[in-house]
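Here are a couple of pocket exercises to work through with the model open in your viewer. Try each task before you read its solution.

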Amino acid sequence: MVEYRIDRHSGVATYVQIVQQTKQALRLGVLRPGDKLPTAREVVEATAINPNTVLKAYRELEREGLVEARRGLGTFVRRGLSTAPADSPLRSELDAWAVRARDTGLDREDVAALFTAVLEEHFAPPPAHSEPAHPQGDPS
C-alpha cells in the first residue's frame, strides 16, 4: 500500500503531491490494477490534511482513468503505469549513485538539480518547428 508524504514547504499543492505519489507508485509497480488505495480517513490520519484534499486527488486520478471509486468499497487501481519495476537493475544503479552523491557532500536539492538537468538533456521535448526569419523571396 502507498503511504503519502506531504511536504508543506514544497510549493506544490497537497492534492497534486498525492496524485504525483500515486503515479510514482503505479510506475514502480508498488500499486497494481485491483489494489485498493488508502481511504480518505486513513490518509487524513497519517498526514493531518483535509479530507476534501484527498478526495480531490482521488477524483483527479479517476478522471485520468487510473483509479475507480466503488461506492461503499473504496478506491481501486484500474490500470498501472509500470514500465520500471521497483526491482529493476536501473533502480539499483540509481540507488548506488544517490549514495555516492550524498557521500560526496551533495544535499537533496543539489542532487535534484543535477538529476533534473540530466533529465532535461536526455528527455527534452523536440524543438518546435520555427518559421524562417524572412519569408521566401523577401531578401530583407
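**Exercise 1.** Work out what volume the second largest pocket has in this predicted model, and which residues lie closest to its centre.

*Solution.* 
- Step 1: start with the volume, which comes to about 240 Å³ for the second largest pocket.
- Step 2: go to the lining. It is made of 16 residues, and Leu55, Tyr58, Ala69, Gly74 and Thr75 are the closest to the centre.
- Step 3: Helix H3 (51-63), strand E1 (67-70) and strand E2 (74-77) each supply at least two residues.
- Step 4: pick out the top contributor, which is H3 with 4 residues.

**Exercise 2.** Now do the largest pocket: find how much space lies in it, and which element gives the largest share of its lining.

*Solution.* 
- Step 1: the space in the largest pocket is about 1600 Å³.
- Step 2: look at what surrounds that space. The lining has 31 residues, with Gln24, Leu28, Leu94, Arg108 and Phe115 nearest the centre.
- Step 3: check the elements. Those giving two or more residues to this lining are helix H1 (14-27), helix H4 (89-103) and helix H5 (108-123).
- Step 4: H4 takes the largest share, with 7 residues.
- Step 5: The lining of the largest pocket splits into 17 nonpolar, 7 polar and 7 charged residues.

Definitions and conventions. Residues are numbered from 1 along each chain as its sequence is written. This is a predicted model: local features need pLDDT of at least 70, side-chain atom pairs count only at pLDDT 80 or more; totals for chains, interfaces and linings use all residues. Side-chain values use heavy atoms; hydrogens and water are left out. On a 1 Å grid over the protein atoms alone, a cavity is a set of points where a 1.4 Å probe fits but cannot get out, and a pocket is an open set with protein on both sides within 12 Å along at least five of seven lines; lining residues have an atom within 4 Å of a point. Grid points are joined across faces, edges and corners, and a volume is the space filled by probe spheres set on the points. Ala, Val, Leu, Ile, Met, Phe, Trp, Tyr, Cys and Pro count as nonpolar, Asp, Glu, Lys and Arg as charged, and the others, Gly among them, as polar.
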